Structure formats: C-alpha cells, structure tokens
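Have the sequence and the 3D structure open side by side. We will walk through a few residues and the contacts that tie them together.

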Amino acid sequence: MVGQRSDRFVAKAEAGEGWRVWDRKMKKWWGERYRHYPEILLSELNGAKRPERLTELVKQLAGDRTRTS
C-alpha cells in the first residue's frame, strides 16, 4: 500500500492502562505495558533488533511500566 508504514511492531494505547507493543506479524502483544509511548524501543524492534540493546532498553524502561493487578 502506498504511503503506509509497514513496521512490524507498533504501540497501541489502552485507555487508563498506558501503551503496549503489538507485533503485527505474530498478532500478539510483545512485552509489558508502559506509561509513556515507547518510541526508542519501537525503533530498535523495527530496526536493527540487537538483542543486547533490546535487553538494555527493556531494563531502562522497567521503571516506566504500569502496574497491573
């Protein structure tokens, strides 16, 4: 489709819950919920996909996770 991005991973807002990362290929959620839009994480997931960098970003964003109970 012309003009449409074809990123595999996208962030979707959940009302009152924050943001979640959706894997379009696998059709399932990836990772945890985040209070803020996970732009850097999405860039890495849709770009280089370096495991060590992804691990670093997930740890860095751990304080930004929303609590679910």
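What follows covers the strands, the core and the charged pairs.

This is a predicted model, in which local features need pLDDT of at least 70, side-chain atom pairs count only at pLDDT 80 or more, and totals for chains, interfaces and linings use all residues. Residues are numbered from 1 along each chain as its sequence is written, and side-chain values use heavy atoms, with hydrogens and water left out.

Strands β2 and β3 (residues 28-34) run antiparallel and are joined by four bridges. Strands here are DSSP runs of E with at least two residues, helices are runs of H or I with at least four, and both are numbered from the N terminus. Two strands pair if DSSP finds at least two bridges between them. W22 has W29 in β3 as its bridge partner. Four residues lie between the strands of this hairpin, and K27 takes a positive phi near 55 degrees.

Now look at D23. It sits in strand β2, residues 18-23. Is D23 buried or exposed? D23 is buried, at a relative accessible area of 4%. Buried means under 20% relative accessible area, exposed means over 50%, and partly exposed falls in between (1.4 Å probe, protein chains only).

Which residues does D23 contact, leaving aside neighbours within four places in sequence? They are R8, F9 and K28. Contact means heavy atoms within 4.5 Å. The side chain of D23 also reaches the backbone nitrogen of M26, at 3.1 Å. With R8, D23 forms a salt bridge, and the closest N and O atoms are 2.8 Å apart. This pair links distant parts of the chain, since D23 is in strand β2 and R8 is in the segment before β1, 15 residues apart. R8 is partly exposed, at 29% relative accessibility.

R8 leads on to N46. N46 is found in helix α1, residues 39-46, and is partly exposed with a relative accessible area of 25%. A polar atom of the N46 side chain lies 3.1 Å from the backbone nitrogen of R8. Not counting residues up to four places away in sequence, N46 touches D7, R8 and F9. The C-alpha atoms of N46 and D7 are separated by 6.0 Å, although the two are 39 residues apart along the chain.

F9 belongs to the largest nonpolar core, a set of ten residues: F9, A11, V21, Y34, L41, L42, L45, L54, L57 and L61. The elements that give two or more residues to this core are β1 (9-14), α1 and α2 (51-61). A nonpolar core is a set of buried Ala, Val, Leu, Ile, Met, Phe, Trp, Tyr and Cys residues joined through side-chain atoms within 4.5 Å. In soluble globular proteins, nonpolar side chains tend to be buried together.

Turn to the other charged pairs. A salt bridge is a side-chain nitrogen of Lys or Arg within 4 Å of a carboxyl oxygen of Asp or Glu. The count by this rule is five. R33 and E17 meet in one of them, at 3.8 Å from N to O. R33 lies in strand β3 and E17 in the loop between β1 and β2, so this pair ties together parts that are 16 residues apart in sequence. E17 is partly exposed at 32% relative accessibility.

R50 and E44 form another, at 2.8 Å from N to O. E44 is buried at 6% relative accessible area, whereas R50 is partly exposed at 38%. Salt bridges that share partners join E14, E17 and R33 into one network.

Key
Polar contact = N/O pair within 3.5 Å; in protein donor to acceptor, adjacent residues only side chain to side chain.
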